[in-house]
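Here is a short briefing to read with the model open beside you. Please keep the sequence at hand as you go through the points.

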Amino acid sequence: MSDIVELINDEGKKEKLILHTAFHIDDTEYAVLSYPDEEEGMIYRVDRDEKNMPIFNIVEDRDELQEVIDVYEGMAEDLI
């Protein structure tokens, strides 16, 4: 997967990011995004609005973030 996602940043400006992958842990969806000119990805929790459109939120809880990183790294290891 390598789609372009357009997000609105905190300043109200549109930003284009690359969607590398999306996956579920239990009933929660997560996505790994990066800026086109950067190698390091960022993990977002994907919530849905009333029209089922995705809303990308930064994962701020350290325990949740670590769990997601562990699952993502495990997925990456399975691909190698």
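**Leu17 and its surroundings**

Setting aside neighbours within four places in sequence, Leu17 is in contact (heavy atoms within 4.5 Å) with Asp3, Ile4, Val5, Leu7, Leu33, Ser34, Tyr35, Met42 and Tyr44. Bear in mind that this is a predicted model, where local features need pLDDT of at least 70 and side-chain atom pairs count only at pLDDT 80 or more, while totals for chains, interfaces and linings use all residues. Residues are numbered from 1 along each chain as its sequence is written, and side-chain values use heavy atoms, leaving out hydrogens and water.

**Nonpolar cores**

- The largest nonpolar core has nine residues: Val5, Leu7, Leu17, Leu19, Ala31, Leu33, Tyr44, Val46 and Phe56.
- Two or more residues of this core come from each of strand E1 (3-8), strand E2 (14-25), strand E3 (28-34) and strand E4 (42-48).
- Apart from it lies another core of seven residues, including Phe23, Tyr30, Val32 and Ile43.
- A nonpolar core here is a set of buried Ala, Val, Leu, Ile, Met, Phe, Trp, Tyr and Cys residues joined through side-chain atoms within 4.5 Å.
- Buried means under 20% relative accessible area, exposed over 50% and partly exposed in between, with a 1.4 Å probe and protein chains only.

**Strands and their pairing**

- Strands (E, at least two residues) and helices (H or I, at least four) are DSSP runs, numbered from the N terminus.
- E3 is mostly covered, with six of its seven residues buried.
- On one side of the pairing list, E2 and E3 run antiparallel and are joined by seven bridges; strands pair if DSSP finds at least two bridges between them.
- Ile25 has Thr28 in E3 as its bridge partner.
- Two residues separate E2 from E3 in a hairpin, and Asp26 in the turn has a positive phi of about 55°.
- E3 and E4 also run antiparallel, with five bridges between them.
- Opposite Val32 stands Ile43 in E4.
- As background, side chains in a regular strand alternate between the two faces of the sheet.

**Aromatic pairs**

- The structure holds three aromatic pairs, counted when ring centres of Phe, Tyr and Trp (its six-membered ring) lie within 6.5 Å; planes under 30 degrees apart are stacked, over 60 edge-to-face and the rest tilted.
- Phe23 and Tyr72 make a stacked pair, 6.1 Å centre to centre with 15° between the planes.
- This pair links distant parts of the chain, since Phe23 is in strand E2 and Tyr72 in helix H1 (residues 62-79), 49 residues apart.
- Phe23 counts as buried because its relative accessibility is 7%, whereas Tyr72 is partly exposed at 28%.
- One aromatic cluster is formed by Phe23, Tyr30 and Tyr72.
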